[in-house]
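Dear colleague,

Here is the structure I promised to hand over, with the sequence alongside. Below it I have written out what I found, so that you can follow along with the model open.

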Amino acid sequence: MATHKIAVLPGDGIGQEVVPEALKVLGVVAKESGVTFEFEEGLVGGAAIDATGDPLPDASLELCYSSDAILFGAVGGPRWDDAPHERRPERGLLRLRKELDLFANLRPARCFPMLVDASPLKRSVVEATDLMVIRELTGGLYFGEPRGVEKMADGSARAVNTMVYTSREIERVARVAFDVARKRRRRLTSVDKSNVLVVSQLWREVVTAVSRDYADVQLEHMLVDNCAMALVARPTQFDTIVTENTFGDILSDEAAILAGSMGMLPSASLGGKTALYEPVHGTAPDIAGKGIANPIAAILSAAMLLRHSLSMAPDADKIEAAVLRVLEKGYRTADIRQEGTTLLGTVQMADLIARELGALYS
Ligand code: IPM
Ligand code: MG
């Protein structure tokens with residue numbers, strides 16, 4: 001049977017609590033399906049800065065290059081907030097995305113039926129929401145040159161970031177988006193700010209040109225401000241959304257509200273040889289170390305890993321089904337707690353999901 005090497009980068013805060021729970025669930029998959037996972041842990045983010053001074057040490061990058069997939073936690077925290085730009089934990093994640101050419105970030109947001117009331121939005125608005133945000137991840141403002149701060153002669157300062165995209169960068173993420181939309185409900189919304197930004201005008205042109213190869217997918221263009229509004233007003237109108245890096249960062253956090261909690265949302269970053277899987281939530285310093293974080297986003301990220309990197313879709317389906325069953329039975333972590341449900345901590349929640357998963361194999 002196959003052996004798959006998985007780089008494990010828990011990072012900081014609740015990343016260190018939820019990643020081991022996702023590994024626990026993968027352990028069940030290994031036991032039941034007969035594949036072998038070789039987990040090797042690496043340092044990233046604040047944890048790496050503390051140990052080596054570098055948010056992405058060479059050893060971690062090497063580990064990622066030589067693995068079949070990466071399971072990532074989260075990076076950052078108040079302890080490193082005052083560090084200089086290049087020594088911030090977030091730099092580790094951004095560099096990893098760039099080095100591995102992970103240009104397409106898939107962020108599904110579904111409102112599970114039993115969590116409809118966990119969202120602060122009305123039931124009539126969020127019910128049946130099932131959308132996918134595809135965020136371009138290695139271009140735009142995050143990486144564009146020139147960037148930096150300069151002191152002016154009069155003592156004032158000037159800072160610059162650059163939003164830049166080439167037609168090739170737009171085309172490749174658009175193709176991923178059309179491919180994904182094709183496997184969903186065949187509707188793609190491309191989000192831009194073409195009434196103001198020339199970068200967005202190019203974005204719109206290129207996406208339109210690519211759409212000629214996907215006659216079966218219905219394409220619409222939407223301005224980002226309008227999309228921000230529509231996402232919380234009429235989320236069920238969306239199927240697949242594709243957008244540039246910064247817009248995608250913002251819109252995918254907004255979409256988290258539709259799912260009830262950020263603690264529910266997994267993600268996959270695809271492009272290069274090795275893909276990376278991470279919960280959308282951050283390090284949550286306010287609850288870190290308390291054992292109450294929701295492990296479901298990390299567990300669903302592990303399911304995406306099986307689906308996209310290891311061609312193990314049936315096992316991914318089982319993980320998702322196990323999560324749903326546990327939620328159906330009324331178990332909740334604090335972030336999705338509702339009246340009449342049973343409150344669990346991180347480890348207990350994952351234990352129940354692991355047990356349900358085992359039962360689904362037999
Ligand atoms: C995300 C996060 C990151 C980003 C941070 C931690 C650098 O917000 O993955 O959405 O801005 O991309
Ligand atoms: Mg973000």
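On the face of helix α6 that is turned away from its buried side, the exposed residues are Arg-168 and Lys-183. Please bear in mind throughout that this is a predicted model. The helix itself, residues 167-183, has 17 residues and reaches 25 Å from its first C-alpha to its last, which is close to the 24 Å expected at 1.5 Å a residue. Its buried residues are Glu-169, Ile-170, Val-173, Ala-174, Ala-177, Phe-178, Val-180 and Ala-181. Seen down the axis of α6, these buried residues fall within an arc of 160 degrees, so they line one face of the helix. An α-helix has 3.6 residues a turn, so residues three or four places apart point the same way. The cover over the buried residues of α6 includes the strands β4 (104-110), β5 (130-136), β8 (187-192), β9 (218-223) and β10, together with the helix α7 (198-211).

One residue of β10 deserves a separate look, namely Thr-240, which is placed in that strand (residues 240-243). Thr-240 has a relative accessible area of 0%, and because anything under 20% is called buried, it is counted as buried. Setting aside residues up to four places away in sequence, Thr-240 touches Ala-177, Val-180 and Ala-181, and also Met-132, Ile-134, Arg-184, Arg-187, Leu-188 and Thr-189. With Arg-184 there is also a polar contact between the two side chains, at 3.4 Å.

For Tyr-142, a polar side-chain atom lies 2.6 Å from an oxygen atom of the ligand, while for Arg-135 a polar side-chain atom lies 2.8 Å from an oxygen atom of ligand 1. In the case of Asp-249, an N or O atom of the side chain is 2.9 Å from an oxygen atom of ligand 1. Taken alone, ligand 1 exposes 320 Å², and the protein buries 76% of that.

The buried residues of α11 are Asp-315, Ala-316, Ile-319, Ala-322, Val-323, Val-326 and Leu-327. These residues cover an arc of only 135 degrees around the axis, which puts them on the same side of α11. Among the elements that cover them are α1 (15-33), α10 (296-309), β13 (331-332) and α12 (346-361).

In the loop between α10 and α11 sits Ser-311, which has a positive phi of about 50 degrees although it is not a glycine, and which counts as exposed at 67% relative accessibility. Just after α11, Gly-330 takes a positive phi of about 95 degrees.

Helix α12 also has 16 residues, and it reaches 23 Å from its first C-alpha to its last, close to the 22 Å expected at 1.5 Å a residue. The buried residues in α12 include Met-349, Leu-352, Ile-353, Leu-357 and Tyr-361, and the elements covering the buried residues of α12 include α1, α10, α11 and β13. Leu-344 is found in the loop between β14 (342-343) and α12, and Leu-344 is buried, with a relative accessible area of 11%. Apart from neighbours within four places in sequence, Leu-344 is in contact with Met-349 and Leu-352, and also with Tyr-331, Arg-332, Thr-333 and Ala-334. The C-alpha atoms of Leu-344 and Tyr-331 are separated by 6.7 Å, although the two residues are 13 residues apart along the chain.

A cis peptide bond joins Glu-145 and Pro-146, with omega at about 0 degrees, and Pro-146 lies in the loop between β5 and β6 (148-151). Ala-284, in the loop between β12 (275-277) and α10, has a positive phi of about 45 degrees although it is not a glycine, and at 21% relative accessibility Ala-284 counts as partly exposed.

Conventions. Residues numbered from 1 in each chain as written. Chains lettered and ligands numbered in written order. Predicted model: local features only at pLDDT ≥ 70, side-chain atom pairs only at ≥ 80, totals over all residues. Heavy atoms only, no water. Buried < 20%, exposed > 50% of the residue type's maximum accessible area, 1.4 Å probe, protein only. Helix = DSSP H or I, 4+ residues; strand = E, 2+ residues; numbered from the N terminus. Arc of directions from axis to C-beta. Contact = heavy atoms within 4.5 Å. Polar contact = N/O pair within 3.5 Å; in protein donor to acceptor, adjacent residues only side chain to side chain. Areas by Shrake-Rupley, 256 points an atom, 1.4 Å probe, with all protein chains shown as cover. Expected span 1.5 Å × (residues − 1).
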